[in-house]
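Here is a short briefing to read alongside the structure. Take a moment to turn the model around, and then we can go through it topic by topic.

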Amino acid sequence: MTDFTDVFARSTSLEDEDKAWLRKLIDDWQVMADLSFADLLMVIPIFHDGRDGLIIAAQCRSSTVVSRQVEDMVGQVLPTILDPLVRDALSGKDTTGIDHYRMVGTATVCDDVVPIRRDERILGVLIRETNMITRLANGHYESESIRVGHALFDMVGEGSFPYKCDLLSKQRHDPRVSDGFLVLSEEGIVEYAAPNAVSCLRRLGVATDMVGRYLSQYVTDQFSKSDASETFTEALPGVLAGKFFADAEITTRNSSIAMRSFPLYHRGERTGAVILCRDVTEVRRRERELETKDATIAEIHHRVKNNLQAVSSLLRLQARRTSNQEVRKELQEAMRRIETIAVVHEGLSKTADENVDFDKVIANLLHMAVEVASTDEQHISISYLGKFGTMAAQDATPLSLVLTELVTNCVEHGFEDRTEGTINISVGRSGKKLNILVEDDGNGLGSETDEKGSAARSSGSGLGTQIINTFVTNDFDGSITWESNYPHGTRVTMSITLRATE
């Protein structure tokens with residue numbers, strides 16, 4: 001599928017700054033199409049076969065009227081009937097006020113064109129396609145909308161749209177034309193208020209007809225008299241006056257209204273503005289609920305981690321008090337396993353969801369496992385190849401236990417009576433499938449297998465072996481194999497399937 005980036009790449013005349021300007025126009029032109037009740041086409045010349053061909057680089061369908069364009073036009077050659085009109089605009093010829101009519105099937109289409117200017121250069125041509133059947137009956141709403149839409153369209157030809165100064169906060173849930181709009185004069189007086197915009201202002205307590213009033217002064221005066229708590233963004237005065245291309249939000253105790261200002265210019269002089277309004281009260285309420293929920297979940301994980309660490313501390317105290325070395329070793333193994341689960345919960349307490357970056361978690365865990373299992377004289381290093389990626393706690397906890405048990409066995413048995421060694425962990429992931437390879441250069445398979453030679457020789461009671469086999473085969477529906485690693489050491493291969501999606 002062709003997009004505007006592919007078409008831009010074929011142009012030999014557009015500089016990087018030109019392409020950035022065209023992309024900015026594409027970012028902002030939906031409001032123009034919606035206000036104008038028309039579709040937009042961006043056309044740029046592409047040198048091909050010894051001449052400049054006119055290629056449609058991007059298109060924008062209006063969301064306020066049924067679009068005439070059914071198929072995707074991007075990447076196609078401009079229809080021949082429009083070729084002369086577009087070339088006149090490319091050459092700098094004044095096409096203002098020239099309406100071009102043509103029949104497309106049974107519909108009459110009016111084409112208006114303006115050159116796309118950046119400073120003194122013409123980069124391409126913008127075509128506005130209006131299906132005239134939608135113009136049979138225009139009321140006050142349609143007339144005002146089309147008027148300011150045409151003003152924005154003409155600003156493209158003057159090089160003042162898109163705006164060079166962008167003060168947008170890039171917030172989500174941007175206002176749209178269908179949400180409501182206000183038209184301001186140069187002085188900031190409301191000349192027209194769409195019905196949806198009136199509803200938005202009434203949610204804020206502004207019940208008086210706004211037409212003929214200074215929007216900025218009236219709105220701020222209304223709130224200064226109110227007993228309710230309000231929150232204003234710094235850009236609000238400039239937005240309400242229509243002086244800047246910026247957005248702002250007004251939040252009261254009961255409502256939140258998002259606003260975006262589009263100043264209107266003619267020959268370099270500001271003539272007014274159109275302000276889009278959207279009632280985002282429900283959106284902000286849900287966001288607050290989600291933030292509260294996320295904070296609660298994170299706090300729960302934090303407390304679980306603290307409780308597990310408390311249990312681990314109790315086991316450590318008990319291990320210090322016992323004189324039986326076998327019991328002490330069993331308690332230390334239990335401590336390590338509890339701390340492994342605690343580290344997973346620590347990772348969950350720092351995120352807003354139930355997924356963890358397993359690569360960060362497992363690196364800390366295995367480093368801790370090596371330190372616990374090795375002696376002061378041993379220097380065991382771990383290297384990683386590939387990425388585990390993010391996974392749910394449902395999978396992260398058992399997988400971390402499996403890997404720490406494997407590494408512990410490598411250190412305690414594979415590197416027994418050795419001062420140094422290396423453990424290599426390789427992972428390949430495709431969706432929910434993981435292939436994991438754990439290799440060491442230790443003493444060999446015989447030192448790390450049980451009496452049957454089929455599984456890891458675990459410390460203590462053999463619980464480590466049970467943990468590995470149970471989680472791999474039962475929980476992950478996977479398989480595990482043990483074999484010698486050439487020229488020496490042990491290789492463990494696992495294939496598992498994660499139970500939860502990312």
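Is Cys 60 buried or exposed? Cys 60 is buried, with a relative accessible area of 3%. Please keep in mind that this is a predicted model. The protein has 502 residues, and buried ones make up 48% of them.

**Overall layout**

- Going through the secondary structure, you will find 14 helices and 18 strands in the protein.
- Among contacts with a separation of 6 or more, 62% come from residues 24 or more positions apart.
- The accessible surface comes to about 24,900 Å², and carbon and sulfur atoms account for 50% of that surface.

**Cysteines**

- Cys 410 is another one to look at: with a relative accessibility of 4%, it counts as buried.
- The structure holds 0 disulfides. As a reminder, a disulfide is a covalent bond between the sulfur atoms of two cysteines.

**Helix 4**

- Helix 4 covers residues 83-90, and its buried residues are Asp 83, Leu 85, Val 86 and Ala 89.
- Looking down the axis of helix 4, you will see these buried residues fall within an arc of 165 degrees, so they line one face of the helix.
- After helix 4 comes Gly 92, which has a positive phi, near 95 degrees.

**Strands 9 and 10**

- Strand 10, residues 256-266, pairs with strand 9 in the antiparallel sense, and the pairing has 6 bridges.
- The link between strand 9 and strand 10 is a hairpin of 4 residues.

**Around Glu 439**

- Glu 439 sits in strand 16, which spans residues 433-440.
- With a relative accessible area of 14%, Glu 439 is buried, because buried means under 20%.
- Which side chain makes a polar contact with the side chain of Glu 439? The partner is the side chain of Arg 491, at 3.2 Å.
- Beyond its neighbours within four places in sequence, Glu 439 is in contact with Thr 422, Ile 423, Asn 424, Asn 485, Thr 490 and Arg 491.

**Backbone points to check**

- For background, most residues other than glycine have a negative phi, and most peptide bonds are trans.
- The peptide bond from Phe 161 to Pro 162 is cis, and its omega is near 10 degrees. Pro 162 belongs to the loop between helix 5 (140-158) and strand 6 (181-185).
- Arg 267 is not a glycine, yet it has a positive phi of about 55 degrees. You can find Arg 267 in the loop between strand 10 and strand 11 (269-279), and at 71% relative accessibility it counts as exposed.
- Asp 477 is not a glycine either, and its phi is positive at about 50 degrees. The loop that holds Asp 477 lies between helix 14 (463-475) and strand 17 (479-484), and Asp 477 is exposed, with a relative accessible area of 65%.

How values were computed: Residues are numbered from 1 along each chain as its sequence is written. This is a predicted model: local features need pLDDT of at least 70, side-chain atom pairs count only at pLDDT 80 or more; totals for chains, interfaces and linings use all residues. Side-chain values use heavy atoms; hydrogens and water are left out. Buried means under 20% relative accessible area, exposed over 50%, partly exposed in between (1.4 Å probe, protein chains only). Helices (H or I, at least four residues) and strands (E, at least two) are DSSP runs, numbered from the N terminus. The arc is that of the directions from the helix axis to the C-beta atoms. Two strands pair if DSSP finds at least two bridges between them. A disulfide is a pair of cysteine sulfur atoms within 2.5 Å. Contact means heavy atoms within 4.5 Å. Accessible areas come from the Shrake-Rupley method with a 1.4 Å probe; for residues, only the protein chains shown count as cover. A polar contact is a pair of N or O atoms within 3.5 Å; within protein, one must be able to donate a hydrogen and the other to accept it, and residues adjacent in sequence count only if both atoms are side-chain atoms.
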